[in-house]
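I opened my notebook on a structure that is new to me.

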Amino acid sequence: MQDLLPELCDLYPARVKLLEPVFQVYGAKKLFYGQVETVKCWQDNSRVKELLASPGEGRVLVVDGGGSTQRALMGDIIADSAYLQGWSGVVIYGAIRDVSAINTMELGVRALAACPMKTERKGAGETGLELSVAGQTIQPGMYLYADENGILVSEQALLLPEGFA
């Protein structure tokens with residue numbers, strides 16, 4: 001199997017933006033892509049849980065957790081909900097937990113690290129915001145592409161090379 005991101009970088013060098021390579025690869029789905037939805041929160045995964053319990057329709061949730069690795073913004077129960085609701089993947093600028101379980105799920109997951117501590121849900125956080133994550137500005141409606149080479153974002157959907165669906 002070929003790697004998608006090097007192909008996209010070769011085909012669309014002026015249309016893709018590379019996120020800094022700070023993310024760890026989790027989940028059984030190593031290649032994922034979709035339209036972006038955003039959440040910004042600090043050590044409270046209330047909005048993450050709400051969004052991932054709603055229909056994903058192949059989208060990717062990007063979570064700006066402020067880079068905190070002191071509390072996990074997603075665990076196995078929320079990840080399972082995301083998979084069942086049809087989300088393509090989740091990118092968390094923060095931590096996750098229940099790594100062994102998440103690694104068996106057909107969900108693309110990227111996070112800075114693992115942390116066993118859960119958050120306290122206080123209803124904090126905002127959705128649909130422009131985020132500044134890993135050196136890039138990410139807005140709802142953009143497109144995100146991830147594989148084991150990294151993460152790219154684009155203003156528009158990219159035509160995938162033959163062999164990628």
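Which residue is the bridge partner of L144 in β11? I looked it up, and the partner is V153. I am working from a predicted model here.

**Entry: β10 and its neighbours.** I followed β10 on to β11, residues 150-154, and counted 5 bridges between the two, which run antiparallel.

**Entry: how enclosed is β10?** I looked at burial along residues 143-147. Of the 5 residues in β10, 4 are buried, so I noted the strand as largely enclosed by the rest of the structure.

**Entry: cysteines.** How many disulfides does a search of the whole structure find? I got 0. I reminded myself that a disulfide is a covalent bond between the sulfur atoms of two cysteines. For C115, the nearest cysteine sulfur belongs to C41 and is 14 Å away. A disulfide needs the two sulfur atoms within 2.5 Å, and C115 is in none.

**Entry: buried or exposed?** C115 has a relative accessible area of 7%. Buried means under 20%, so I put C115 down as buried. C9 comes out at 32% relative accessibility, so I wrote C9 down as partly exposed.

Conventions: Residues are numbered from 1 along each chain as its sequence is written. This is a predicted model: local features need pLDDT of at least 70, side-chain atom pairs count only at pLDDT 80 or more; totals for chains, interfaces and linings use all residues. Side-chain values use heavy atoms; hydrogens and water are left out. Buried means under 20% relative accessible area, exposed over 50%, partly exposed in between (1.4 Å probe, protein chains only). Two strands pair if DSSP finds at least two bridges between them.
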